[in-house]
Structures are given as structure tokens and as C-alpha cells.
Amino acid sequence: MELKVYINGKLYPKEDAKISVFDHGLLYGDGVFEGIRCYNGRMFKFSEHIDRLYNSARAIYLEIPMTKEEIKNAVKDTLDANNMKDSYIRLVVTRGIGKLGLDPFNCSKPQIIIITDLIELYPRELYEKGLDAIVVPTIRNHYEALNPKIKSLNYLNNILAKIECINAGAAEGVMLNKDGYVAECTGDNIFIVEGNEILTPPTYAGILVGITRNVVIDLAIKAGMKVKEEQLTRYDLYIADECFLTGTAAGIIPVVRIDGRKISSGKPGNITCSLLEKYNKLTKLSSN
Ligand code: PXG
């Protein structure tokens, strides 16, 4: 069956799902998005993703012409139309069609796009073996320039970092912030383990406040583990006992090497594996 894509209330076959070349989403990266998972017919942290979408939109002065409930129903209808139980959902809101020129106020109406497809960010075996990361030269956007809390269509900052890590032969790139502290990876948040403490950069480090990050913090606290949001340096990464990344597409993935230095024994750590197991259980049981 051919994939159907939702655009502004209608479903189109994949080949006919098109947006104008005058859409400011294309011309200027002017818009916002979410990546959401549906596991076995159950939406995972749906409200959290929808809330973040609306917050991103508000931050860029974009009014989404649908209620949160309407958007949720549109996502469910698109999944049904595609007969999909396990899916990666890409929900995009663009500024809409306008004239050439930056002015967003001449754009007619935001375009709402829902793609329900599959995504595999990292090969399966990396979940068992762990991945190699490097600290990339490109720093994360300054939060007073384009706040990383906004999940905008402007991903060049992260794409440049991705190019740098791929060129260096690494699977992921750790991005520092303007002060030289660890921020996050190109499409994932970062955690380290030191002794019995789990550490992750605070939101004021200038990061996307990942929904998976929040889920993992909750899981760890519930399991009686100690979690701290703390500014981290490259040194902290190098001497960590364990390291892992979190994100909607990746889930939890272990990191075993950073800038050529082995993390501990070079194998995924016990705390990482235990959190990964808890996370997998939770996604299997997830509901709204
Ligand atoms: N940081 C950045 C910069 C991200 O883009 C995360 C952290 C993790 O956030 P969540 O809420 O997913 O735990 C992200 C997530 C895509 C795609 O379509 C993008 C993300 C996740 C999945 C797919 O390219 N970004």
C-alpha cells in the first residue's frame, strides 16, 4: 500500500504530497516540527510532543490554525489511513506561502504536514556495541540567537555538526555551547555516568529539552538512581564511566568512545544497559 501524507486536512499519495516553492518553510527554514513515535498502536508521550510543538510555534510568532486536539486526531487519522501501528511521525508546521523576502506577515496560512513513516537512526548492532562520537568544531547555536529549545525547521547548525562527525568517521557529534560546555549531540541529548551518579547538561546549557531526556531522568529517579543536571566539559566526557545518548528516534544508545578515548572498558556500561531495558519496557507499554 502506498504511503499517504497529510497536508492541511487532506491525505495525498506520497508522490502527490507537495508544498509550494514559495513556502517560507523552504525559502527560509521558517517553521517548526516534531518527531513522535507510535509503538504498537500507542502514541508515546503524545501530549508532551504536541505541547512542545505549540511552544516552538509561539516562540517564533507562528499561530497554528488548529487546536491541539484537532492535531492529535489528524495524526491518529493519518496513522489509521496508512494502517500503521509502529511509526515515526514527522509533524511539520511551516509559515506557509508568501512573497520572496523575509517578512513572515505576508504569508497566507501555516501549512500542516504529517508524515507517518519508519526511521532507523543507527544500525541495530550499535545498541549492543555502542557508538563512537567526537566533539565537533561547530558550537551549538547561541541561545540568544536561535534558542535550541525551539525545534525549528532551521537545522543547519546540527547538519554542519553531522557533516563534521561523518567526515571524521564517527557516528555522532557532541556539540559544545558558546562557553565551551557540553550541550548535546546533533539529534540527541547526552548523559554520562560517574560512579553512581548520572549527569546531563542543564537546559540552560542551550539544548533542546528532549522528551526522551525527561523520560530517562524520571526512570532513573524511580529506580533510586542519583541524577544531576550539571555543566559538563570535554574532560568530564573523557573520564566518564559510562556515556549514552537519548532521542525519540534513537531511544537510548550507548557511547563507547569519544575523541578516540575509550569510555571505561569500551563496552556499554551497566547503568546504561539497565536504563535501556527500562526504556524498552516503557515504550512497549506506552499510552497517551
Ligand atoms: N537534541 C536535538 C538537537 C534533537 O533534534 C533531541 C535532542 C532529542 O529530543 P527528543 O524529544 O526526541 O527526545 C533531538 C530530537 C528527525 C529527528 O526527524 C529529529 C529528532 C529526533 C528524531 C528524528 O530528523 N530530534
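Which residues line the largest cavity? Arg140, Asn141, Leu146, Asn147, Pro148, Ile150, Lys151, Ser152, Asn154, Tyr155, Asn158 and Leu208 do. This is a predicted model, where local features need pLDDT of at least 70 and side-chain atom pairs count only at pLDDT 80 or more, while totals for chains, interfaces and linings use all residues. Residues are numbered from 1 along each chain as its sequence is written, and side-chain values use heavy atoms, with hydrogens and water left out.

**Cavities**

- Searching the whole structure turns up two cavities of 30 Å³ or more; a cavity is a set of points on a 1 Å grid over the protein atoms alone where a 1.4 Å probe fits but cannot get out, and lining residues have an atom within 4 Å of a point.
- The largest cavity holds about 60 Å³, volume being the space filled by probe spheres set on the points, which are joined across faces, edges and corners.
- Its lining splits into five nonpolar, five polar and two charged residues.
- The second largest cavity has about 40 Å³ of space, and its lining includes Asp241, Cys243, Pro254 and Lys267.

**Helix 2**

- After helix 2 comes Tyr61, with a positive phi near 65°.

Technical notes: On a 1 Å grid over the protein atoms alone, a cavity is a set of points where a 1.4 Å probe fits but cannot get out, and a pocket is an open set with protein on both sides within 12 Å along at least five of seven lines; lining residues have an atom within 4 Å of a point. Ala, Val, Leu, Ile, Met, Phe, Trp, Tyr, Cys and Pro count as nonpolar, Asp, Glu, Lys and Arg as charged, and the others, Gly among them, as polar. Helices (H or I, at least four residues) and strands (E, at least two) are DSSP runs, numbered from the N terminus.
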